[in-house]
Amino acid sequence: MSLITLTTDFGLRDWFVGTMKGVIAGIAPRASVIDLTHDIPPGDIQSGAFALAAGCRYFPKGTVHVAVVDPGVGSRRRAIAVKTTNYLFVGPDNGVLSFALRKQRIKNIRLIENQDLFLHPVSRTFHGRDIFSPVAAHLSAGLPFSKLGPVLEKYTQLSWPEPRFGKARVEGEVIYLDRFGNAITNLDAESLRTLDAASLEVHTLGRCLCPIAEFYQAVPAGKPVAVIGSSGLLELAVNGGSAKKILRLKIGTPITVSPLSPSD
Amino acid sequence: MSLITLTTDFGLRDWFVGTMKGVIAGIAPRASVIDLTHDIPPGDIQSGAFALAAGCRYFPKGTVHVAVVDPGVGSRRRAIAVKTTNYLFVGPDNGVLSFALRKQRIKNIRLIENQDLFLHPVSRTFHGRDIFSPVAAHLSAGLPFSKLGPVLEKYTQLSWPEPRFGKARVEGEVIYLDRFGNAITNLDAESLRTLDAASLEVHTLGRCLCPIAEFYQAVPAGKPVAVIGSSGLLELAVNGGSAKKILRLKIGTPITVSPLSPSD
Amino acid sequence: MSLITLTTDFGLRDWFVGTMKGVIAGIAPRASVIDLTHDIPPGDIQSGAFALAAGCRYFPKGTVHVAVVDPGVGSRRRAIAVKTTNYLFVGPDNGVLSFALRKQRIKNIRLIENQDLFLHPVSRTFHGRDIFSPVAAHLSAGLPFSKLGPVLEKYTQLSWPEPRFGKARVEGEVIYLDRFGNAITNLDAESLRTLDAASLEVHTLGRCLCPIAEFYQAVPAGKPVAVIGSSGLLELAVNGGSAKKILRLKIGTPITVSPLSPSD
């Protein structure tokens, strides 16, 4: 058995994702296809990159991960595939693969140029169906990686917002808002450990928000809470509610973590 | 082949459900995973329980049903698995399994405590990925049920709203509103048969709404109609429209059924 | 391996689609089921017909395509199956299959009447689960087509809006609005070639909208552009935006294509 995952902004209301799976089934009938998500906001490369990075490592070794958030489809942007020690990644070279690749050991990068692998005629608007799906299917069915096209030295990287370390504080920002309205930040457990304090509290937009706790229901219903979430990153939530709505958090909202002040 | 179904409130816009499937694929590569639904309103244990109860019996014997609507994740709520004559059920012990279990013959109930089965480190916010998915995968791949943990005598049950029988009337309530705006009630065909009348009519909120008919288009477009729906329960609909919007029905709206009055 | 696709208006928020897959798994455990889409607007037979037509041809030969947009469920509308040189189609006889069949060579049409194939008791509101899913599963598992029921000569066809050819102009209309807000028209590349001009422009609602280009980013961000889309049909888009919102296009909005005027 071989696995292919799909991460796109195609949504599920049209037939787009279904046809990608039809193309894959025609080339690699034994491959299983798993949707990571298709609800990336249209054209939002950064959210697509984050979703792929957050999800990809839970799949077995050998999985082919396809990500298509591709506002430049049909233009001269390149198509690439990246082989790491664990996975193959396939997508446009616009940064959508780059957050996932930060945590992978890269073995080989190739331009996707071998037209024999594509669905013809290749449309100018849907390379997810005509290029990325058939290439992923061929790789999943055993095609040697070197058949894709020439070796590339570099690929496009989005800049990951690194935490900033101050005196008794770590500064970061909201990088993703999930379905529950939880706000995921760029602060991981390791960056918080530099504060060397037993108890921490989170500030945002000039106010002290909440202490960091172990789980959502550690605070009363309707109250804010910060936890190390399932991606290993600090996450702001409201027990039983939406932190996005109640705390008015957005992608980019600055977050500061510091030792719990004695007055609390 | 073995089947696993998933019923959650995780939605499909993030990578959560995809990673559950990745974890399952790593443990039970031959299992097929079918989504029952992931659009239970966040934290709405009762709607999750109803969806699982309505859907589970259409799957082949031996299916492992996983339900994760779990606002108490990370707290001290227990994780359980229930073996019935037809299925295995896996989820938090907060009642989400209980409506489905009303119609099943229970053979064994176990606490899920065997840490060897979990994905480590176990997060405090996503037991769907770290506990319930790997446990379901192991069960699907043949793990003996007794390996999960100690036997439990009781599990948490939500109270099912029973029909009330009056003089020439049966009273119930709306318990689910579906995508079409149809309002599913707690009145089944059997409870209506106690009225012993050839023709019945439905009252709600003080007005006579409609007779009970055979199918949606038995009334003109835009008109209300009541039918025994696909779950075997009385359902209020509007032909070509939304009963929820047009009749202003909500979960909990009282419904009365009585013999058709002669003046109608 | 055998493939079954599903195109419905059942949505994914309830358990309806999941139970269709459960029924299929019980009859044809080796079949793979692929969702084309379940987000057809409730009861919108024409959009369902278009989605099926746009998507069906990307699947391998032998695929069973099931389409259930079925506002007349439970009434006397017929259930049919159609065998073409490439595929089997299954659905209600209300036109939902007809756009797909325009491009297929039909070999045989049958009424679905063989009750032995159905799930009993057959509900009056959910033939997707009780009739179409089990019939598709049996066909996928090798049931001879002739076992379904008697041969039919005709099936219900929706009228496809044909392009109209004027003097140095081709007239059509918007027939589908996709998730990105792109407006797909009924004008295909062939109909535009009759204009015999190197460059074309698109008019709608009395204004000159844009030239026809090769891909979305051929125009600056926020500007309208027309391309031959992935279905082979002329499509109006806005680079980085929603043509539906910005250009106020609706299904049925008239579109005219003519040679680029010299003043442009």
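**Close-up views of strand pairing**

**View 1. Leu177(A) has Ala183(A), in strand 9 of chain A, as its bridge partner.** This view, like the others here, comes from a predicted model. Strand 8 of chain A and strand 9 (residues 183–188) of chain A run antiparallel, paired over 3 bridges. The two strands make a hairpin with 5 residues between them. Look in the turn for Gly181(A), which has a positive phi of about 85°.

**View 2. Strand 7 of chain A and strand 8 of chain A form a hairpin with 2 residues between them.** Here the turn holds Ala168(A), with a positive phi of about 55°. Strand 7 (residues 164–166) and strand 8 (residues 169–177) of chain A pair in the antiparallel sense over 3 bridges. Gly166(A) finds its bridge partner in Arg169(A) of strand 8.

**View 3. Strand 8 of chain A also pairs with strand 14 (residues 254–259) of chain A.** This pairing is antiparallel and spans 4 bridges.

**View 4. In chain B, 6 strands form an open sheet with mixed pairing.** Their order is 2-1-3-5-4-6. Strand 2 (31–37) and strand 6 (106–111) of chain B each have a single partner strand, so one side of each lacks a neighbour in the sheet. From one strand to the next, the twist averages 20°.

**View 5. Strand 6 of chain B pairs with strand 4 (residues 79–84) of chain B.** The two are antiparallel, with 5 bridges, and Ala81(B) stands opposite Arg110(B) in strand 6.

**View 6. Helix 1 (residues 16–27) of chain C packs on the chain B sheet.** The helix touches strand 1 (2–8) and strand 2 of chain B, and its direction makes about 150° with that of strand 2.

Notes. Residues numbered from 1 in each chain as written. Chains lettered and ligands numbered in written order. Predicted model: local features only at pLDDT ≥ 70, side-chain atom pairs only at ≥ 80, totals over all residues. Heavy atoms only, no water. Pairing = 2+ DSSP bridges. Axes fitted to C-alpha atoms, helices over the stretch in contact; angles between N-to-C directions. Contact = heavy atoms within 4.5 Å.
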